[in-house]
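Dear colleague,

I am handing over the structure below, followed by some notes on what was found in it. Please read the notes with the model open beside you.

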Amino acid sequence: MSDHFLGFGLGLRTQHFADVLETRPNVDWFEVISENFMVAGGKPKYFLHAIREHYPMVMHGVSMSIGSTDPLDIEYLTKLKKLANEIQPQWISDHLCWTGLEGINSHDLLPMPYTEEAIQHIVERVQQVQDFLGRPFLLENVSSYISYTESEMSEWDFYSEVVKRSGCLMLLDINNIYVSSRNHHFNAEDYLNSIDPKYVRQFHLAGHSDFTDYVIDTHDHDIPDPVWELYQKACRRFGPISTMIERDDNIPPLNDLLLELEKAKSIAQDVFSNTHPQMVETL
Ligand SMILES: [Fe+2]
């Protein structure tokens with residue numbers, strides 16, 4: 001089993017701050033959205049530090065825009081590093097995407113053209129980010145609805161090359177793989193099978209909105225069966241990987257998310273009872 005396996009976590013959301021602190025739920029770790037805490041003080045910061053005393057944390061960002069041709073935002077990175085020094089996360093992640101150009105933020109996680117030129121561009125920037133932050137850095141696959149005629153390779157080959165050459169790690173979002181597989185008509189299992197397990201450090205699980213002809217990554221529903229099925233396959237391929245549920249909208253009571261987390265744990269336990277029997281007791 002990997003030294004980096006944190007177990008089963010949740011995204012820490014404002015609606016659950018007080019509940020988490022009072023009830024100390026059976027959650028192995030929390031992922032926090034970095035941008036929500038990159039401020040000097042205030043109530044969210046109070047809860048962050050209070051909850052951190054009881055749980056390991058990882059930091060997840062949405063604003064790095066690693067794929068953009070704009071220069072890296074040093075002010076943003078400085079705030080990110082300061083927050084990391086405060087809460088000592090196990091790792092920091094952001095998305096393999098671009099979010100804007102020439103200072104204009106689209107507030108969307110836009111996919112990259114899958115080209116050698118883009119790989120070289122991102123690898124150089126990831127190396128700068130890693131040097132600056134001095135902590136393990138993960139890139140997450142985004143869901144997408146468009147593709148570029150310039151693309152020269154598959155998303156999974158592009159993602160693998162970026163990670164291999166830059167030395168960063170992967171946050172595999174199982175829902176995003178499913179969503180993109182439906183929108184771009186590829187086989188989600190081919191995606192999983194092409195990824196080298198040694199690069200995978202974390203999984204995201206989430207729900208989406210299915211419009212039959214296309215699927216949108218809304219993160220506002222329970223995790224649906226096809227995503228659970230893909231998660232089971234990911235557990236078989238990658239073994240014990242730190243897993244969390246990422247719910248961003250239509251936030252249910254904490255107990256509902258804890259039940260979903262139990263389901264993730266039981267799927268993983270079923271798989272690991274065959275592949276990693278020595279660790280099932282500890283889950
Ligand atoms: Fe995600």
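The lining of the largest pocket divides into 8 nonpolar, 10 polar and 6 charged residues, where Ala, Val, Leu, Ile, Met, Phe, Trp, Tyr, Cys and Pro count as nonpolar, Asp, Glu, Lys and Arg as charged, and the others, Gly among them, as polar. This is a predicted model, in which local features need pLDDT of at least 70 and side-chain atom pairs count only at pLDDT 80 or more, while totals for chains, interfaces and linings use all residues. Residues are numbered from 1 along each chain as its sequence is written, and side-chain values use heavy atoms, with hydrogens and water left out.

The space in the largest pocket comes to about 630 Å³, and of the 24 residues that line this pocket, V62, H107, D108, L109 and D217 are the closest to its centre. On a 1 Å grid over the protein atoms alone, a pocket is an open set of points with protein on both sides within 12 Å along at least five of seven lines, a cavity is a set of points where a 1.4 Å probe fits but cannot get out, and lining residues have an atom within 4 Å of a point. Grid points are joined across faces, edges and corners, and a volume is the space filled by probe spheres set on the points. Strand β6, residues 104-110, gives the most to the lining of the largest pocket, with 5 residues; strands (E, at least two residues) are DSSP runs numbered from the N terminus.

The second largest pocket has a volume of about 290 Å³, and 16 residues line it, of which S63, S65, D70, D73 and T99 are the closest to its centre. Two elements, β5 (98-101) and β6, each give two or more residues to this lining, and β5 gives the most, with 3 residues. By class, the lining of the second largest pocket holds 6 nonpolar, 7 polar and 3 charged residues.

Within strand β6 lies N105, which touches T99 and G100, not counting residues up to four places away in sequence (contact means heavy atoms within 4.5 Å). N105 and S65 are 40 residues apart in sequence and 9.3 Å apart in space, C-alpha to C-alpha.

Finally, the structure holds 1 cavity of 30 Å³ or more, with about 50 Å³ of space in the largest cavity. Its lining is made by L96, P111, M112, Y114, N141, V142 and E155, of which 5 are nonpolar, 1 is polar and 1 is charged.

With best wishes

Methods:
Helix = DSSP H or I, 4+ residues; strand = E, 2+ residues; numbered from the N terminus.
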